[in-house]
Amino acid sequence: MASGKEKRAGIGRNVFFMGLASFFNDIGSEMILPLLPLFLTNVLGAGQAVVGLIEGIADSTSSILKLFSGWLSDRFDSRKPLILAGYTISGLTKPLLYLANSWPFVLVIRFADRVGKGIRTSPRDALIAASSDKTTQGKSFGFHRMMDTSGAVVGVVIAFILLYFLSMSFHMIFLLTVIPGVLSIATIALFVKEKKIKSPGCTPTRFSIKPFSGRFKRFVAVSVLFSLGNFSYAFLLLRTQDIGMTIALIPLMYLFYNILYAVVAVPVGNLSDRIGKTRILSIGFLLFSLVSLGFGFTDSLWVVLILFALYGVFQAVYEVSSRAFIPELVEARHRGTAYGVYHTSVGLAAFPASFIMGSLWQFVSVEIAFGFGAVLSLISAVLLLTWVRE
């Protein structure tokens, strides 16, 4: 729990500075990510299935590491070293895309970047939970998501200016991500403080899921089902190009989505603290179902604009509510492992989700591809309210 002197912007010191580090890190990430599917398909000649393969492997790569790093942070009651290592790896590997001349090289860099994410995510979420009051978990995670996504907004704006107004090459934009990467590393190293939460006698010496309640396990199961249909946003960008938007303007749609995400993240967190995480999260699943159907069947760029707005609201609801829900289900001394179990489970589902999406689009039809995600998210919403309800 953070004291008044340790609070900034109404939240704990650690939450504030981890949010700031995520802000810088996401500037670098989002200078790259909205351009990467376009770079792969238009410059390197890769197809949608390859995009799905890369995104699936990238997201799944970090999954096992999230489990291990979460348990390790519980084992040694130490979060910061793993958080710092994760941001360092990601911050220093992304600029290497400057050297990319084939899609396998892109795959290697995305793999390395996600290794960093896998190392830092579970310990960071556990430290945010430990640095927050019990009644403000939603607010703290909402603030962190808001800062993370605000960095995405800045990153997309920078990428758009460099690409559209300065006609800078993809490779040079990738190289410039070294600047925000270094800033994120420095923020963690200098300002985030370790927070011990238990005595040595409580230290878990080996991995086990026995301490977790049946409700937590059901929540993870539903989250995995949803994740099987929660394909990468890269397909939304490709679909936007498919409908008729020029490459240089596509980052603006991604920017719009991130602005909505950042704006609603804190209000969503506050609302989840008041009315319950499962209610808010089920609304998020329903929003994703609507977005999937819309992208599958529309041919209007105006409709796409609305869908990107809804997608931004969905992401805020999903990321904030799911992370803030876990501290209600698990004891503090097991939270690193719990976040690891959660992130690993949904992350492993990311590979088949994106690969299935890309394959259905390329070899069957775009309607079936997006419809698959819509159906799974609808089923997940029903299960969340009936099987995991508060």
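Predicted model: local features only at pLDDT ≥ 70, side-chain atom pairs only at ≥ 80, totals over all residues.
A residue counts as buried when its relative accessible area is under 20%.

A pair of aromatic rings is described by the distance of the centres and the angle of the planes. The structure holds 30 aromatic pairs. For Phe 23 and Phe 24, the ring centres are 5.6 Å apart and the planes stand at 65 degrees, so the pair is edge-to-face. The cut-off behind that label is an angle over 60 degrees.

Another of the pairs joins Phe 231 and Phe 370. Their ring centres lie 5.3 Å apart with the planes at 90 degrees, and therefore this pair is edge-to-face. It links distant parts of the chain, 139 residues apart: Phe 231 is in the loop between helix 9 (214–227) and helix 10 (234–243), while Phe 370 is in helix 16 (residues 366–387). Phe 231 has a relative accessible area of 3%, so it is buried. Phe 370 is buried too, with a relative accessible area of 0%.

Aromatic rings also meet charged groups here. The charged end of Arg 75 sits over the ring of Phe 76, 5.1 Å from the ring centre. Arg 120 lies over the face of Tyr 87, and the distance to the ring centre is 4.6 Å.

The next topic is charge pairing. Side chains of opposite charge can pair when their charged atoms come close. The structure holds twelve salt bridges. One of them is between Arg 114 and Asp 113, whose closest N and O atoms are 2.9 Å apart. Both of these residues, Arg 114 and Asp 113, are buried. They also belong to a network of salt bridges that links Lys 94, Arg 110, Asp 113 and Arg 114.

Arg 124 and Asp 125 form a further salt bridge, with 3.5 Å between the closest N and O atoms. Asp 125 and Arg 124 are both buried.

In the salt bridge between the side chains of Lys 277 and Glu 328, the N to O distance is 2.8 Å. That pair links distant parts of the chain, with Lys 277 in helix 12 (residues 277–297) and Glu 328 in helix 13 (residues 301–329), 51 residues apart. Lys 277 has a relative accessible area of 3% and is therefore buried. Glu 328 has a relative accessibility of 43%, so it counts as partly exposed.

Key
Residues numbered from 1 in each chain as written. Heavy atoms only, no water. Phe/Tyr/Trp six-rings, centres within 6.5 Å; stacked < 30°, edge-to-face > 60°. Helix = DSSP H or I, 4+ residues; strand = E, 2+ residues; numbered from the N terminus. Buried < 20%, exposed > 50% of the residue type's maximum accessible area, 1.4 Å probe, protein only. Lys NZ or Arg CZ within 6 Å of the ring centre and 35° of its normal. Salt bridge = Lys/Arg side-chain N within 4 Å of Asp/Glu carboxyl O.
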